[in-house]
Amino acid sequence: MPADSFPLDGNWSFRPDGDFVTFDSGPLQARIYKDSGHLALAGPSLENQPLANVIQFAPPAVHTASRDFSVGPLISSKRSKNGLEVVQRLGATQITALITFPHDSVLRYEVTDWSDVLPIATAVAASSDNTEHFYGLGEKFNSLDQTGKRVHVVTFDDPGRKGDHSYKVTPWFISTRGYGLHFDSRAETIFDLRATAPDRYVITNPFRTLAFEIVYGPSLRDVLSRFTGYMGRPFLPPPWIFGPWISSDIWRSGGEVRYAVTQFRKRGIPVSAFVFDSPWETAYNDFTFNMTQFGQGGTFENEHYEGFGSVGEMMSFLQTHGLKVICWMAPFVNISSADENVPGQNLGKASNYETGVEGGFFVRLNGSAGPLVVPWWKGRGSPIDFTNSAARAWFTGQLQKLLAQSNITAASHIQEPAIGGFKTDDGESGNGPNTYIPSGALYADGRTGIEMRNGYSVEYQRTVSNLLGDRGVLFARSGFSGSQAFPGHWAGDNEPNFGDNGLPGVIVAGQSAAMSGYSIWGHDVGGYINHNFSPVSPPDLFMRWSQFGCFSPIMQMHRQVSSHDLRQYPWGYPQAGETITKNEALANYKFYTTLHTRLFPYIYTYAKESADTGIPIIRPLVLIHQDDNRTFGVQHSYYFGNDLLVAPFVEPATRQRTLYLPAGQWFDFWTNEQHTGRRDIVWNNPSQPDLPKSKIPVFVRAGAIVPLILGDDTQSLCDSNYVNSSDVKSWDGGLELRAYPAGNTQLTMFDGTAIDSAASAGSTRITIITEKRRLLVRILAQRPQSVRLNGTAVCEAPSSGDFDAATEAWRFDTESGFVLVKFAHRGGTVIISL
């Protein structure tokens, strides 16, 4: 039964009757009203007033084949192991429910015994007014604030204008009232967030269960941290994940692979990963490299590039160019495939299909003896049943064989797979024309398509992620509650423009996903779809998207391939009078991929924080400033980590942007111009000869400590042992620390390096505890009389050239206002005093 046909819109009461039974957990109090069956949770306010914030729910509603019911008065209650067991009236019969606090500050209500009632659908509702705003619900493209919308929670592949459609969905929201709500159902719930009535939200569930959790804060950071604490947090993936990626919709030959990698290196663009998107296999999905395809050479920019003689040769080539490998996959094994004009491709039945049939490894369809066969965008195939342990073993065995085929020899003489990740495409319920998970689908664990239209993506991603462990990464498109624990994810297919399905919508999607617990997230820089280009300037769009990519956790350029241009490459956007060898868009891309690489210590520090606390790397302003209602509607500016505020351009051909700065003191990342927050500012692109002409508004919070890789010559975030080549420079551990002293602030980096910044009238002290490494410290301060390291005076360099040549020195940069201090740290504690 579709959730939107549940006829309960007008039958809600928010006036509880009589006394209530309570159950306390720390500062929270659960209440169930004896005479009416209303449920409430009371907790402290942001000002720490006890039990001042009360979330009030109407009695839940139940739909059966014969009539609708509201759960009624309390018949009895008794203490259970960690809560209350309550018996409530339901029409002429009764139900039993548990009210518990299963996790810190999380209240759960669950019906455990329906007696003789056979629910078809259930619903809950709570009172709400126009001061309450809602965020989350997965990766929403249409708006960060979902207030006033009716959200259909179902995974859906929609490459066009998204509207309410999402690849990743979660029956979860965060409310500005200081709590979150997770409806525990994999079915296609509907969240009506004051769309139908102005005084309530209603959640309807077309399934026989009724269970939900209220996650209390009152801080929104605590709400999100507590939700991910029991739903799952991303582990910390390997460092190379956070270097820029090379990707394209198709690599037409091995020669094109050589061309792409060679030219990225030749043009000085740092990269750490190479993605084999579809097609790379002989058939979908037999996990066998099509060496007819990759054995062929190709001519590009009037130069011929040879193909590869074997998988091993191709993997060694990528390894020694500083690249880990990610292979695309989908959860279908084909019986027939679309003709993509690829030599060596098997358009018939995949070689592993019959083994899957014989083993019963595919999803079945109710009433059918054989496996489910569905049409999808690469042909026709059967989805693997990831709830079947034997199917998982069969599937992962094929991936293990593929990983072994990619083995290379590291500098330590140890064999290691070059393949470090899988791009786990698809997993959604369908894409409109095609239904991938019909409601009649049957799974080994007893679930049906009703639950698996959402739940399938989690089982798919869990299976692949468990194989790789924390040594690898996913790049998943679909997702549901729990998927956020299997990093990483990307925003799917979008258009190369400034419209609703272009760059602005993807910026919104990243923040919406963050409010749903996703942290290790990226997108296709430039927009994947090869039509609906920005009518003003495709190069301008590409530059703006590259800038957003720099300040995203994962930076990957990925586009559909065209036969008449090179727009799948960053050098393919020359403007009038420019060439593919030298153009502004290419220079912009090189600058921002270099900056993204240099920001690795900062990004990885907050990736570790995500693993520890569940707080994402991308942070909407409302997550940090829920006490400022000006932040409620901000959706194209966000925190990147704790200390950087980023405001990408969302309009074409402009160098000016109006944006809201939240409370505090802020410094322009490019110029160090100071701004006072809690107001709108107009940002104008500064003209600086040593930086690209096109910049993005970025601000640094006063008190911030921002660690970067020292220097701009790191070419790969793969470690030097893996790369095993002196031609590619990996990070050697050198650090640049940028400090913006204000009071006393601290930062502990991912590797345990601890930095303390203390500023008082007339003096500044930076304390650093770290291993042996080269250090350059930039301190935003007035020109000091002297600089001391552990009490010993440091020589001032008379010029920038002298400073660059020195091993240990300081100087004051008049233009930026930074005091620069450089030295070779021998390990332990060092104190810089100004």
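**Getting to know the chain**

Mentor: Welcome! Of the contacts in the chain between residues at least 6 apart in sequence, 67% join residues at least 24 apart; contact here means heavy atoms within 4.5 Å. This is a predicted model, where local features need pLDDT of at least 70 and side-chain atom pairs count only at pLDDT 80 or more, while totals for chains, interfaces and linings use all residues. Residues are numbered from 1 along each chain as its sequence is written, and side-chain values use heavy atoms, with hydrogens and water left out.

Trainee: How do you know whether the radius of gyration of the chain agrees with that of a compact globule?

Mentor: The globule rule is 2.2 Å times the number of residues to the power 0.38, with the radius taken over C-alpha atoms. For 834 residues that rule gives a value near 28 Å, and the chain has 28 Å, so the two agree. The C-alpha atoms fill a box of roughly 90 × 70 × 50 Å along the principal axes.

Trainee: What makes up the secondary structure?

Mentor: There are 14 helices and 55 strands. Both are DSSP runs numbered from the N terminus: helices are H or I with at least four residues, strands are E with at least two.

Trainee: How do you know which class His 825 belongs to?

Mentor: The relative accessible area of His 825 is 6%, so His 825 is buried. His 825 sits in strand 54 (residues 818-825). Beyond four places in sequence, its contacts include Thr 770, Glu 771 and Val 830.

Trainee: What makes a set of residues a nonpolar core?

Mentor: A core is a set of buried Ala, Val, Leu, Ile, Met, Phe, Trp, Tyr and Cys residues joined through side-chain atoms within 4.5 Å. The largest one has 229 residues, and Phe 276, Phe 289, Met 315, Leu 318, Phe 551 and Ile 832 touch the most other members. Its largest share, 7 residues, comes from helix 7 (residues 449-468). Apart from that core lies another of 17 residues, including Leu 144 and Phe 632.

Trainee: What is noted about the phi of Phe 287?

Mentor: Phe 287 has a positive phi of about 60° although it is not a glycine. Its relative accessibility is 5%, so Phe 287 counts as buried. Phe 287 lies in the loop between strand 20 and helix 3, and Pro 279 is in the loop between strand 20 (273-276) and helix 3 (291-295). A cis peptide bond, with omega about 0°, joins Ser 278 and Pro 279.

Terms used
Buried means under 20% relative accessible area, exposed over 50%, partly exposed in between (1.4 Å probe, protein chains only).
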